[in-house]
Amino acid sequence: MDINVKGLIEEAEKARKQAYAPYSNFPVGCAVLGASGTVYRGCNVENASLSLTLCAERAAIAGALCAGEREILALAIISHSPEPISPCGACRQFILEFGEDITVIMADRDKRYEVKKIKELLPLPFKL
Ligand code: THU
């Protein structure tokens, strides 16, 4: 399936607007493209107990899985930063669980982007 990179970034930006980030003021949006062709959005959800914070990527992937997707083709993430946002280490491990060839599109506030495979972002992942 072709990946509509710009369309996925637009969906991630819609998700970013829903972010709950009162502690960091760093809203993040993510859009996941499932093998079915459906796009699932997720945003970061923070908590007064800071370590409970849920990243946008994990929120979006959980939504996709809960909807019945088992294969993820790509995801886009965006924040308001001047450089493309790069997923945190925990999210890299979480993304790779669903396929080492998943395409990760990392966008900045002007929607300029970089594209990598998750296996490039997380070499030597933990596996059971
Ligand atoms: N955050 C994400 O949503 N995804 C990442 O990959 C990195 C960080 C969020 C967590 C927190 O709400 C805020 O960005 C600042 O760390």
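A polar contact is a pair of N or O atoms within 3.5 Å, and the first two legends use this term for a predicted model.

View 1. An oxygen atom of the ligand is found 3.0 Å from a polar backbone atom of Cys88. Side chains also take part: a polar side-chain atom of Glu46 lies 2.4 Å from a ligand oxygen atom, and a polar side-chain atom of Glu57 lies 2.6 Å from an oxygen atom of the ligand. Of the 380 Å² that the ligand exposes when taken alone, the protein buries 79%.

**View 2. The shell of residues around the ligand.** The residues that surround the ligand include Ser24, Phe26, Val28, Asn44, Thr53, Cys55, Ala56 and Pro87, together with Glu46, Glu57 and Cys88. By residue class, this shell divides into six nonpolar, three polar and two charged residues.

**View 3. The largest nonpolar core.** This core has 21 residues, and those with the most contacts inside it are Cys30, Val32, Ile61, Leu75 and Ile118. At least two of its residues come from each of strand 1 (29–34), helix 2 (56–66), strand 3 (72–78), helix 3 (89–96), strand 4 (103–107) and helix 4 (118–121), while helix 2 gives the most, with five residues.

**View 4. Ile61 and its contacts.** Leaving aside residues up to four places away in sequence, Ile61 touches Val32, Ile72, Leu75, Phe94, Ile95 and Phe98.

How values were computed:
Residues numbered from 1 in each chain as written. Predicted model: local features only at pLDDT ≥ 70, side-chain atom pairs only at ≥ 80, totals over all residues. Heavy atoms only, no water. Near = heavy atom within 4 Å. Polar contact = N/O pair within 3.5 Å; in protein donor to acceptor, adjacent residues only side chain to side chain. Areas by Shrake-Rupley, 256 points an atom, 1.4 Å probe, with all protein chains shown as cover. Nonpolar A, V, L, I, M, F, W, Y, C, P; charged D, E, K, R; others polar. Core = buried A, V, L, I, M, F, W, Y, C linked by side-chain atoms within 4.5 Å. Buried < 20%, exposed > 50% of the residue type's maximum accessible area, 1.4 Å probe, protein only. Helix = DSSP H or I, 4+ residues; strand = E, 2+ residues; numbered from the N terminus. Contact = heavy atoms within 4.5 Å.
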